[in-house]
Amino acid sequence: MIKKIDHLAIVVKDLEKEIRKYRDILGLTFLGTEVVQEQKVRVALFDIGGVHIELVEPLDPDSPVSNFLEKRGEGIHHIAYEVDDLEGQVEVLKKNHIRLLNPETGKGTSGSKIVFAHPGDLSGVLMELVEKKK
Ligand code: ZN
């Protein structure tokens with residue numbers, strides 16, 4: 001079962017520049033930056049009422065996010081929902097013919113387990129499911 005929105009991810013070209021805007025102009029609580037090797041990105045995390053805004057900058061031309069930036073420019077990349085039982089949710093998606101981007105679950109920020117579902121099967125929005133590290 002989906003519990004809540006965990007984060008919204010926004011792709012940016014220049015992370016430092018955007019951190020200044022979100023922290024200093026918008027006044028969101030800045031939680032820090034983290035490199036997610038598996039996705040070849042660096043992210044900046046902000047908190048707003050328990051939901052995170054995640055600014056994502058690609059670190060490598062191979063990163064799936066580089067592709068997005070080239071094709072679509074900066075903007076909202078995905079919505080992430082928190083779940084208790086990622087494996088169980090993956091089964092539900094598979095049973096209902098919602099395609100996953102990767103057959104296996106991967107690693108997200110702060111040791112979480114994640115999976116992405118295909119935007120073509122979900123209203124054009126890339127969805128991430130996150131199970132927090134326990
Ligand atoms: Zn995410």
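Helix α3 (residues 86–95) buries Leu86, Gln89, Val90 and Leu93; buried means under 20% relative accessible area, exposed over 50%, partly exposed in between, with a 1.4 Å probe and protein chains only. Seen down the axis of α3, these buried residues fall within an arc of 105°, so they line one face of the helix. The arc is taken over the directions from the helix axis to the C-beta atoms.

This is a predicted model: local features need pLDDT of at least 70, side-chain atom pairs count only at pLDDT 80 or more, and totals for chains, interfaces and linings use all residues. Residues are numbered from 1 along each chain as its sequence is written, and side-chain values use heavy atoms, leaving out hydrogens and water.

**Around α3**
- The cover over the buried residues of α3 includes β1, β5, β7 and β8; contact means heavy atoms within 4.5 Å.
- Just after α3, His97 takes a positive phi of about 60°.
- Helices (H or I, at least four residues) and strands (E, at least two) are DSSP runs, numbered from the N terminus.

**Sheet**
- An open sheet is formed by 8 strands, in the order β2-β3-β4-β1-β5-β8-β7-β6, with mixed pairing.
- The edge strands, β2 (29–36) and β6 (106–107), each pair on one side only; a pair requires at least two DSSP bridges between the strands.
- Strands β5 (residues 75–83) and β8 (residues 126–131) pair in the parallel sense over 5 bridges.
- Tyr81 stands opposite Leu129 in β8.
- Helix α1 (residues 15–25) lies across β1 (2–11), β2, β3 (41–48) and β4 (51–58).
- Helix α1 runs at about 0° to β3; axes are lines fitted to C-alpha atoms, for helices over the stretch in contact, and angles run from 0 to 180 degrees between N-to-C directions.

**Zinc site**
- The protein donors of the zinc ion are His7 (NE2), His78 (NE2) and Glu128 (OE), at 1.9 to 2.0 Å from the ion.
- Donors are N, O and S atoms within 2.8 Å of the metal (3.2 Å for Na, K and Ca); water is not among the atoms, so sites may look incomplete.
- Along the chain, the donors of the zinc ion follow the spacing H-x70-H-x49-E.
- His78 lies in strand β5 and Glu128 in strand β8, so this pair ties together parts that are 50 residues apart in sequence.
- His78 is buried at 4% relative accessible area, and Glu128 is buried at 5%.

**Loop residue Thr109**
- Thr109 sits in the loop between β6 and β7 (113–117).
- Thr109 is buried, with a relative accessible area of 16%.
- Not counting residues up to four places away in sequence, Thr109 touches Glu34, Val36, Val43 and Glu54.
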